[in-house]
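Work through the following exercises with the sequence and the model side by side, and try each one before reading its solution.

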Amino acid sequence: MSMEMEEILNETVPQSELEKFEKKYNRELQSKSLTHTTQFEYAWCLVRSNYANDMKSGITLLEDLCKKNSEGKRDYIYYLALAYTRLKEYSTAMKYVQAFLEIEPNNQQVISLEEYIKKKMDIEGLKGVAMAGGAALVLGGILGIGFALAKK
């Protein structure tokens with residue numbers, strides 16, 4: 001995994017930039033003149049926020065753009081993959097990465113993102129197995145105590 005991908009995923013939007021694009025988005029939305037560009041710019045800011053709710057709002061806007069505007073689909077899919085990766089929803093992120101690579105199989109940045117996600121999934125998978133094993137031990141211990149008490 002490249003350090004570059006780590007930097008991309010850790011990049012956050014300055015609050016002033018987020019507010020600027022939020023105002024522009026709301027202004028166009030109010031006047032029923034919302035452009036795909038404005039919606040994308042705002043979504044791009046939201047997915048780079050530090051807050052999960054902002055990222056999820058950005059995802060909603062990007063998914064909406066995917067349905068409405070096929071010309072920008074490549075960019076929308078890429079930022080959806082980044083957003084889901086930032087939220088640690090790796091299996092969903094991987095679906096978007098694979099969709100992107102079907103369109104453009106040699107894109108090095110997306111291949112790097114795919115490698116990053118696979119490594120994270122391996123780590124999380126191992127943690128998941130350890131946690132499940134630990135939970136089984138705890139549950140077994142509780143059940144054992146329960147049976148011992150019930151026999152008395």
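The exercises below concern a predicted model, and each is followed by a worked solution.

**Exercise 1.** Determine which salt bridges Arg48 forms and what parts of the chain they tie together.

*Solution.* Begin with Glu11, whose side chain meets that of Arg48 in a salt bridge with an N to O distance of 2.9 Å. Glu11 lies in the loop between helix H1 (3-10) and H2, whereas Arg48 lies in the loop between H3 and H4, so this pair ties together parts that are 37 residues apart in sequence. Next, Arg48 also forms a salt bridge with Glu17, the closest N and O atoms being 3.1 Å apart. Because Glu17 belongs to helix H2, this second pair ties together parts that are 31 residues apart in sequence. Taken together, Glu11, Glu17 and Arg48 are linked in a network of salt bridges.

**Exercise 2.** Is Arg48 buried or exposed, and over which ring does its charged end sit?

*Solution.* The relative accessible area of Arg48 is 7%, which is under the 20% cut-off, so Arg48 is buried. Its charged end sits over the ring of Trp44, 3.6 Å from the ring centre. Trp44 in turn joins a cluster in which ring pairs also link Phe40, Tyr76, Tyr78, Tyr79 and Phe100.

How values were computed: Residues are numbered from 1 along each chain as its sequence is written. This is a predicted model: local features need pLDDT of at least 70, side-chain atom pairs count only at pLDDT 80 or more; totals for chains, interfaces and linings use all residues. Side-chain values use heavy atoms; hydrogens and water are left out. Rings of Phe, Tyr and Trp (its six-membered ring) pair if their centres lie within 6.5 Å; planes under 30 degrees apart count as stacked, over 60 as edge-to-face and the rest as tilted. A charge sits over a ring if NZ of Lys or CZ of Arg is within 6 Å of the ring centre and within 35 degrees of the ring normal. A salt bridge is a side-chain nitrogen of Lys or Arg within 4 Å of a carboxyl oxygen of Asp or Glu. Helices (H or I, at least four residues) and strands (E, at least two) are DSSP runs, numbered from the N terminus. Buried means under 20% relative accessible area, exposed over 50%, partly exposed in between (1.4 Å probe, protein chains only).
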